[in-house]
Structure formats: structure tokens, C-alpha cells
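Take a moment to look over the model shown here before reading on. The paragraphs that follow go from the whole chain to a single residue.

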Amino acid sequence: MDPYQELANAIVLQAVKDYRLHDNEQELASIERFFRSDWFSVLTNVDPEILITKLRKEKVRYEY
């Protein structure tokens, strides 16, 4: 795999991990802004709204 593509994948994956770990609403909003940013669309072809919806559902499922 192209090293630049590996880096792009690592950046996106880290943002997803950060989203899963944080409960702070401001931090989550910041990560969601990243997902909707032009920079994110340069890194990946993933639809940000689908990703955000999936991550929000995970959070709801794991809340007690």
C-alpha cells in the first residue's frame, strides 16, 4: 500500500478511536467537525454522515 494512503488511513482510524473514547460533548463535536471537513474528504471517500451516525449508535448502545 502507498505510504501516503497508510498515513491517511491511520489519521481517520485515530479520529474514530478518539470518538469512541471520549464522552465530552465539546470533544465529540470537534471530531464530528473533522469528519465533515474538506481535509477528511481528502483523506478518505467515507461518507462522514454515515460514519457519524454509526459512531453515535455505538455510543448509545454502550451507555448504561
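In this predicted model, the protein chain exposes about 5000 Å², of which carbon and sulfur atoms supply 55%. The C-alpha atoms fill a box of roughly 40 × 20 × 20 Å along the principal axes, and of the 64 residues in the protein chain, 28% count as buried. Read along the sequence, the protein chain follows the pattern α-α-α-α, with four helices and zero strands. Among its contacts between residues at least 6 apart in sequence, 41% join residues at least 24 apart.

Consider helix 1, which runs over residues 3-21: at 1.5 Å a residue, its 19 residues should span 27 Å, and this agrees with the 27 Å that separate its end C-alpha atoms. Which residues of helix 1 are buried? They are A8, V12, A15, V16 and Y19. Seen down the axis of helix 1, the buried residues fall within an arc of 95 degrees, so they line one face of the helix. An α-helix has 3.6 residues a turn, so residues three or four places apart point the same way. On the other side of helix 1, P3 and L21 are exposed.

One of the buried residues of helix 1, Y19, leads on to E32, which is found in helix 2 (residues 25-35). E32 counts as buried because its relative accessibility is 9%, where the cut-off for buried is under 20%. The side chain of E32 makes a polar contact with the side chain of Y19 at 2.7 Å, and another with the side chain of R56 at 2.6 Å. Leaving aside residues up to four places away in sequence, E32 touches Y19, I52 and R56.

Technical notes: Residues numbered from 1 in each chain as written. Predicted model: local features only at pLDDT ≥ 70, side-chain atom pairs only at ≥ 80, totals over all residues. Heavy atoms only, no water. Helix = DSSP H or I, 4+ residues; strand = E, 2+ residues; numbered from the N terminus. Expected span 1.5 Å × (residues − 1). Buried < 20%, exposed > 50% of the residue type's maximum accessible area, 1.4 Å probe, protein only. Arc of directions from axis to C-beta. Polar contact = N/O pair within 3.5 Å; in protein donor to acceptor, adjacent residues only side chain to side chain. Contact = heavy atoms within 4.5 Å. Areas by Shrake-Rupley, 256 points an atom, 1.4 Å probe, with all protein chains shown as cover.
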